[in-house]
Amino acid sequence: MPEIPKVYEPQAVEARWYEFWCERGCFTADPHSPKPSYAIVIPPPNVTGVLHMGHVLNNTIQDILCRKARMDGREVLWLPGTDHAGIATQAVVEKALRKQGVIKHRDELGRDKFLEHVWAWKQKNGGIIIQQLKKLGCSCDWSRERFTMDPAYSTCVQRVFVALYRKGLIYRGKRMVHWDPAARTALSDEEVDMVEEKGHLWHLKYPLLDEHGQPRPDQWVVVATTRPETMLGDEAVAVNPEDPRYQKLVGRRCLLPLQNKAIPIIADPLVDPKFGTGAVKVTPAHDPADYEIAIRHGLPLTVVIGPDGVMTAQAGEDFDGMDRMEARQAVVEELTGQGLLLKTEDYVHNVGYSQRSHVPIEPYLSEQWFLKYPSVEPAIACVENSPPHMRFFPDRWARTYSHWMHHLRDWCISRQLWWGHRIPVWYRRTPGRESRAAEGTPGREPLRPRDAAPAAADIWCDVTPPQDAEHWVQDPDVLDTWFSSWLWPFATMGWPEATDMLRKFYPTTDLVTGPDILFFWVARMIMAGYEFMSDPRFGLADALPFRNVYFTGIIRDKLGRKMSKSLGNSPDPLELIGRYGADALRFGTMRSAPLGQDVLFDENDVVLGRNFCNKLWNACRFRQIQGGRGLGGIVPDLLTRDDQWILLRLDRAIRELTGALAAYNFSEAVQILYRFFWSECCDWYLEACKASLNPEAAPPDAAGDAPDSAAARRANTLAVLDFVLSHTLRLFHPFLPFITEELWHGMGYHEHQPPGQGDTTIMFAPWPQPLGPGMLERFGVLQDCLEVAEAKQELVVQGRNLRRETHVAPNRKVTFVLKPSMDVPPQDRAVLTLLLNAAALDVDPSFQPPKGTPSARVRLGELYLPLDGLIDVAAEQARLAKELGRAEAEVAKAQQKLSNPAFVQKVPPHVLQEHQNRLADWTAKRDQARHALDRLTRG
């Protein structure tokens, strides 16, 4: 086999193996395979997206699950694709066209021309994130990549709309909705982020009117508001009927300032008497609560803020055409000038922001399409059943899911956009309706006041337009992006036909996603699955879309801050891959990703991942340099106690790793791999086995009277090492796909595998199974070797401590003396001598140490490090005394600072942690110096 290069170069290796996997169809799922299925659908990233650390975390987890499933012998479908991202994509294209000087607003192009530009943009830029996922090593079935605006997928979306409309679950109605004035579209509740802001509470004076309708100059009612610009649309002042302060005013009228019109003072139980003054302004067209009050009291609906966030003509001549925020300041100034602003208070409150355009939303009265959620009961039952048919990891999200499902509100599914799935509804042409449909988006005027609901004969709802299409006009709205993505698990596999793909891979096995879209996507997919896959044609016992849902945490920086471009704390994953390699990024990210908790990302974890890859590379190089036949047979009689120990540690690692992956505990899985390979295999076994691989390094009596030859023992050690490394590469493959594939071939392990089980790629090599009692018994592995190995490790650790405490260089050959408490065979002596880097380890039951000889009590006996000729004892005592004094002073300084409540309560958490770490470090140094000094001075 060719020699493994000295240095691992991930970039060349990763590109070569990814091309190899794709060319040979390693990721392509076969619906006709007799293997049991495993399926996962990728949460489709936005077509506008580029790879960020959240994608790295989510897709690395998915890839781990898929690669593990392949090694378990399952037929794996990891179905990729992208989402058309209606609002986001339209905003990106509009911005680009404005920058190019093509348009000031999309209306100038018209719908068809604008969509041509969007499709051209998608063709050029839409696949960027897919190529980036390939760089990460994602083993998706790229032959089945889907896009939510593909023709077949779009037909599925339209069929679902038509079916739900005909079932009476989709309807059109006038409601108060969340409105995005930047994107000029309605939003669902879940598309609004509530942001705490420091604002103001303005107290406004509304003059009371006498019985003749004239204002009383000395009497007024005071209302408090956070949005003074909306007072231009007030239609009443409301008080709580139980509030004694205002009972005499109910039924009277007051003057609406700036608009100079009389409005009533009414009583309504919705008013909170504790808010502000207890009297509130009622703006029916611009507040959900005020709208409810207006319906009960028959108040007019006056729209003073248009769909573009600009004040309308109804706001008055002085404010018409102003931006809503400009109008706020102008209203406050005018009221101040008229002496009608009583006071202004600082006020902290929550403001709704559009998730997409990041502007404050407007409550807006609008006619929209709504959906009453289907199949709610089975969607609730699949999670609440005991045991549940669908499991959430962590399971705390099941409670959140259940709460939302029991308090559903109808879903506003229409959006006033051009990019998206156009609603498959046509109206018979009438004067005025044709022009509104052509425009498609409201402008400065209030949202288009559609005609009263037409008769059923005047509405056509179907996937195809009416035959006499020239007499009909299509609804201009498009569907909410989530209305297409809630169909993702089955619409991507050929629904509504009962395809081979659906029969093989639906329901899917796992879903990996973030808890922030539990309601947007997960819950809706569950309902859609039960609604559209329960048809007997599909032959499903349970139509749920997936069996397990794993919720990732949010990636934050090491200070706990959410990553963002504005903070400059969000690294570019492609830069990290270029610097350290994809495997290093994957391993480092997973190491810091505890189950369901937020991830504190630190680039040092990626550095550790790179170092880990280098360790794996060098361990395999070490084995290859030894020569000999690869994967030779293990002879039980020639196993050393260290050989037996590493086989037991491998058995434990396989069991624990398999269990951690079954529990979706990926960070624990990484810790298991790290402990086994770095600490147990490399730090101990690879060093210990050198006593057999290099017998000349052993003491003269190391071979004892064993009948086997040094050559036979050496060959057996190589067989054990190959056995361990070949299993290790397979355990690592789901986490480190590239380097494990390179080493699997570089070590020649693929040559020993049956066809289709690792002979071509490690991807299909069987997942390691626990060695089990039978195999361990056949190898003659005894459990008591664990105790012996731990005793030897303890001796080595204490011997190295003796060197460090007495400042004897690690590379200086010294002689240790062991006064044994049990038998130490020659082979174990040879191992201990090597690991202590000693000239010799003398085993002397009668040893009498000179006074001041450093020693350590261990299970194997008393270990001594004679210092004759090594150090000046008096000088070392003086040095340690000085070191102890400094450490004690630093401990006292740190304790004094941390015992000061003013300091502890004032500093940021990370600064406090730094001081706590400093105290711990100096305390350890103090104890170490004290212990070393005691060893030198005791008799």
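On a 1 Å grid over the protein atoms alone, a cavity is a set of points where a 1.4 Å probe fits but cannot get out, and a pocket is an open set with protein on both sides within 12 Å along at least five of seven lines; a lining residue has an atom within 4 Å of a point. This is a predicted model, in which local features need pLDDT of at least 70 and side-chain atom pairs count only at pLDDT 80 or more, while totals for chains, interfaces and linings use all residues. Residues are numbered from 1 along each chain as its sequence is written, and side-chain values use heavy atoms, with hydrogens and water left out.

**Stop one: a cavity**

The whole structure holds 3 cavities of 30 Å³ or more. Select Ala-85, Gly-86, Ile-87, Glu-191, Arg-356, Arg-415, Leu-417, Asp-480, Thr-481 and Trp-482 to see the lining of the second largest cavity. Helix H3 (86-99) and helix H12 (481-485) each give two or more residues to that lining; helices here are DSSP runs of H or I with at least four residues, and strands are runs of E with at least two, numbered from the N terminus. The space inside is about 70 Å³, a volume being the space filled by probe spheres set on grid points joined across faces, edges and corners.

**Stop two: a pocket**

Next, pick Thr-226, Arg-227, Asp-287, His-349 and Asn-350, which lie nearest the centre of the second largest pocket, among its 39 lining residues. Its volume is about 1,100 Å³. Now colour strand E7 (192-209), one of the elements giving two or more residues to this lining; E7 gives the most, with 7 residues.
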